[in-house]
Every structure is written in C-alpha cells, then in structure tokens.
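Reader: Could you walk me through this one? I'd like to start with packing and then move to charged pairs.

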Amino acid sequence: MRPDPPFLGQACVVTGASSGIGRAIAIALSEAGGVPVLVGRDKERLVEAVAACPGEAEAAAFDLTDDDAVRRFVDTLPDRVGVVVHSAALAKAGASLDLPVDELDRQFATNVRAPWVLNQAIMPRLEAARGQVVFINSGAGLNARRDFSVYCVTKFGLRAYADALREEVNPRGVRVISVYPGR
C-alpha cells in the first residue's frame, strides 16, 4: 500500500508563482497532492503556471503590496492552509548612494512587508492545519554584495523576520523554514 502524498488535499499558497522558483514550487506541491493557490500580479502567466500543475491548482492575481487585496485573498481560502511559500521578490541592482529611496521602499514593500501582512492574515489558518511558512530568501540574505545593497537589506530583514516568527509560532504548531538559493 502506497502512502498518501505529503500534501494531499492541503491548500498551499505560493507567492511569486507565475515564474521561476515560485512556479517550480507550485508544480511540486501539486505533484505532492497539494492544491496550490498561485499568487502573482500577471494573470496570464499565472494561468499558464496553473496549467503546468498536474493536479488541482488555482490562480489569484493581485498585488501583494496592497494590504486590502491580501486580506480579501485570505478571506477566500479554506479554514485550514497547509503551507504558505513566500517566493515573490523584487531586485534592482545599483549602488546604495545612487538608488533613489523610492527603490528601497518598493523592494521593502514586496520582499519584507508583503510576507509580514500575509502571515498576519493567514496565520489562524496555518495554526488550524499545524502548517508551514516557507521563506524563499536568497544568498543575499547571508552575504551582502556591492551594487545589490537594497536587495541585501531586504533579504537580511526577511531572514531576521523569519527567525523571529519561528520563535513566535513554533510553540503554536507552525513550522517556519528559510531557504537561501544562490544565483
């Protein structure tokens, strides 16, 4: 008798799922029996990513930096969510003394603030499922590099947030995982 797939029937939210790592994770979760909800801004690319999933999957196109849109999205989810994967990110190269502060704000809003807001809204559903929060961080969250200062600042911040969140929610049955892919 074969064991059930590890995410059988679980709702699995994946941000940044229209391409790259997020898309690959959504497909893998679908293969593992999960029901990924692919989140991104580009509806057409999300629909293509959903079609690439071998099992059931859904697309949710909205801007993660819009707090009200995030809350409306979470209200559409089932009462139990098995996993949320924070894969959405922005990066723009440039020296810290040259990039306008608007770029810091833009990257911070997507790379740090959006996961914060989504986690606050979705945590009761994760707790009910004894679920997982997965942060797809970056090697830039471990080692700062010239000309990527803003991105590094946000990824170091995301690392600190994940570490603090882990201590807060582990006792409540929610696992927090950080992954640091390199280039």
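**Packing and charged pairs**

Author: Leaving out residues up to four places away in sequence, I122 touches V13, V74, L77, V81 and V84, where contact means heavy atoms within 4.5 Å. This is a predicted model, in which local features need pLDDT of at least 70 and side-chain atom pairs count only at pLDDT 80 or more, while totals for chains, interfaces and linings use all residues. Residues are numbered from 1 along each chain as its sequence is written, and side-chain values use heavy atoms, with hydrogens and water left out.

Reader: OK, switching topic: how many salt bridges does a search of the whole structure find?

Author: The search finds six, a salt bridge being a side-chain nitrogen of Lys or Arg within 4 Å of a carboxyl oxygen of Asp or Glu. One of them joins R113 and D67, with the closest N and O atoms 2.7 Å apart. R113 lies in helix α4 and D67 in helix α3, so this pair ties together parts that are 46 residues apart in sequence; helices here are DSSP runs of H or I with at least four residues, numbered from the N terminus.

Reader: And is D67 buried or exposed?

Author: D67 is buried, with a relative accessible area of 18%, whereas R113 is partly exposed at 37%. Buried means under 20% relative accessible area, exposed over 50% and partly exposed in between, using a 1.4 Å probe and protein chains only.

Reader: What does R106 pair with?

Author: The side chain of R106 forms a salt bridge with that of E103, at 3.1 Å from N to O, and both residues lie in helix α4, three residues apart.

Conventions:
Helices (H or I, at least four residues) and strands (E, at least two) are DSSP runs, numbered from the N terminus.
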